[in-house]
Amino acid sequence: EREPTLLDVREPWETQTGIVAGSEVIPLQQFLADPGAVGTDPVVVICAHGIRARHAAEVLRSRGVEASVLAGGLAAWTA
């Protein structure tokens, strides 16, 4: 089974404080302009609180990609 791609859709000013190791950083608006750039592997989408990640995951699912969201975003993960 393939490891999921970790997709961080936060803005550059948000990722300056660090990212989850191994994640691919594509700001949400850039991702929405070309969602196919992520490929077809399963994806776990990350953002600050989960709202943008849910939006990105819906777009991925509409393209047939298995996508989930880091529950609560990084705010919950790092707490």
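**Exercise 1. Determine how many helices and strands the chain has, and the pattern in which they follow one another.**

Solution. The chain holds four helices and four strands, where helices (H or I, at least four residues) and strands (E, at least two) are DSSP runs numbered from the N terminus. Reading along the sequence then gives the pattern β-α-β-α-β-α-β-α. The model is predicted: local features need pLDDT of at least 70, side-chain atom pairs count only at pLDDT 80 or more, and totals for chains, interfaces and linings use all residues. Residues are numbered from 1 along each chain as its sequence is written, and side-chain values use heavy atoms, with hydrogens and water left out.

**Exercise 2. Decide what the radius of gyration of the chain says when set beside that of a compact globule.**

Solution. The radius of gyration is taken over C-alpha atoms, and the globule rule is 2.2 Å times the number of residues to the power 0.38. For 79 residues, a compact globule would have a value near 12 Å. The chain has 11 Å, which agrees. As a further step, the C-alpha trace spans about 30 × 30 × 20 Å along its principal axes.

**Exercise 3. Identify the residues with the most contacts inside the largest nonpolar core, and the elements that supply this core.**

Solution. A nonpolar core is a set of buried Ala, Val, Leu, Ile, Met, Phe, Trp, Tyr and Cys residues joined through side-chain atoms within 4.5 Å. Buried means under 20% relative accessible area, exposed over 50%, and partly exposed in between (1.4 Å probe, protein chains only). The largest core has 15 residues, and those with the most contacts inside it are Leu7, Val9, Phe31, Val38, Val43, Val45 and Leu60. Two or more residues come from each of helix H2 (28-33), strand S3 (43-46) and helix H3 (51-62). H3 gives the most, with four residues.

**Exercise 4. Carry out the corresponding analysis for Glu14.**

Solution. Glu14 belongs to helix H1 (residues 12-15). With a relative accessible area of 12%, Glu14 is buried. Not counting residues up to four places away in sequence, Glu14 touches Ala48 and Arg52.

Terms used:
Contact = heavy atoms within 4.5 Å.
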